[in-house]
Amino acid sequence: MSKVTVRHDLHLSYHSQDLIKTADLDPKKNYIFGFHPHGVLVAGAFGNFCTEVTGFREMYPGLKPHLLMLPLWFRVPFFRDYIMSGGLVPSAKESAQYLLKRAEGGNVAVIVIGGAPEALDARPGALTLLLKNRKGFVKLALQFGASLVPVFSFGENEVFDQVNNPKGSLLRKIQERLQKVMGISLPLFHARGVFQYSFGLMPYRKPIHTVVGKPIDVEKKENPTQQEIDETHQKYIEELIKLFEEHKAKYKLAEDKHLTFI
């Protein structure tokens with residue numbers, strides 16, 4: 001067993017993750033997985049789509065997932081090689097286009113739709129998604145005829161807390177300014193320690209259940225109209241809500257808990 005595999009297995013033995021399939025996906029097609037929520041460290045996306053420990057390729061034979069990550073991290077020596085070995089690619093439009101134009105299909109571009117700004121609201125109980133005006137991934141799907149698949153990761157926001165940073169606060173203004181300059185957000189997160197549970201940087205020992213929804217097939221449009229983009233975006237939101245509502249009780253969320261979009 002390789003060192004990378006051992007590290008991932010140890011990670012999951014501490015921090016339980018699983019992948020839930022709700023529909024078959026045709027390996028002759030390309031897909032865009034919209035991943036929600038970002039959380040602090042996108043743990044569910046990395047564990048499920050960058051390693052084989054939850055059995056992605058067994059569930060979806062013929063498909064290869066590629067998690068899109070901020071280009072900044074690909075400039076870091078050695079770390080760049082590590083993340084590329086897991087199938088990660090820079091979150092530039094050109095990278096996604098390269099994956100989706102594969103004529104024989106089989107590629108999955110995993111996009112964390114809320115991006116770095118959404119991480120600033122990641123804390124236990126949070127169900128607010130940055131999605132209302134995020135439509136670039138929909139346009140991309142239409143341009144290449146790639147099916148859209150909503151993905152919701154229950155528990156993603158439960159593994160870390162962060163220092164209170166309401167909108168308008170000095171801390172939030174500093175974080176948002178740094179995010180615009182550097183491209184990455186810097187949530188001041190905390191959770192538990194190694195030998196105590198009151199404070200530390202280790203994640204809470206909470207499970208993450210990543211549910212992959214049903215594909216939304218789209219007609220290829222090289223130059224989609226704004227109306228086509230808006231209509232497909234609305235359909236995506238509706239399918240994401242449906243996915244969340246159908247599975248929330250299983251993962252111990254109250255009936256009155258619903259997604260909010262900003």
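User: Is Lys21 buried, exposed or partly exposed?
Analyst: Partly exposed, because its relative accessibility is 33%. Bear in mind that this is a predicted model.
User: Ok. Where is Lys21 found?
Analyst: In strand β1, which covers residues 17-21.
User: And which residues does Lys21 touch, skipping those up to four places away in sequence?
Analyst: Met59, Tyr60 and Val212.
User: Which side chain does Lys21 make a polar contact with?
Analyst: Asp24, and the distance there is 2.8 Å.
User: Switching topic: which residues have the most contacts inside the largest nonpolar core?
Analyst: Ile32, Phe137 and Phe152, in a core of 34 residues. Helix α9 supplies the largest share of that core, six residues.
User: What does Phe137 touch, beyond four places in sequence?
Analyst: Ile32, Ile111, Ile113, Leu131, Leu148, His233 and Tyr236. There's also a second, separate core of 20 residues, and Tyr60 and Val212 are among its members. Those two are also contacts of Lys21.
User: Last one, Thr210: buried or exposed?
Analyst: Buried, since its relative accessibility is 0%. Thr210 is in strand β10, residues 208-212.
User: What is Thr210 in contact with, leaving aside neighbours within four places?
Analyst: Its contacts include Asp18, Leu19, Ile20, Phe35 and Phe152. Phe152 is also one of the residues with the most contacts inside the largest nonpolar core.

Note on methods: Residues numbered from 1 in each chain as written. Predicted model: local features only at pLDDT ≥ 70, side-chain atom pairs only at ≥ 80, totals over all residues. Heavy atoms only, no water. Helix = DSSP H or I, 4+ residues; strand = E, 2+ residues; numbered from the N terminus. Buried < 20%, exposed > 50% of the residue type's maximum accessible area, 1.4 Å probe, protein only. Contact = heavy atoms within 4.5 Å. Core = buried A, V, L, I, M, F, W, Y, C linked by side-chain atoms within 4.5 Å. Polar contact = N/O pair within 3.5 Å; in protein donor to acceptor, adjacent residues only side chain to side chain.
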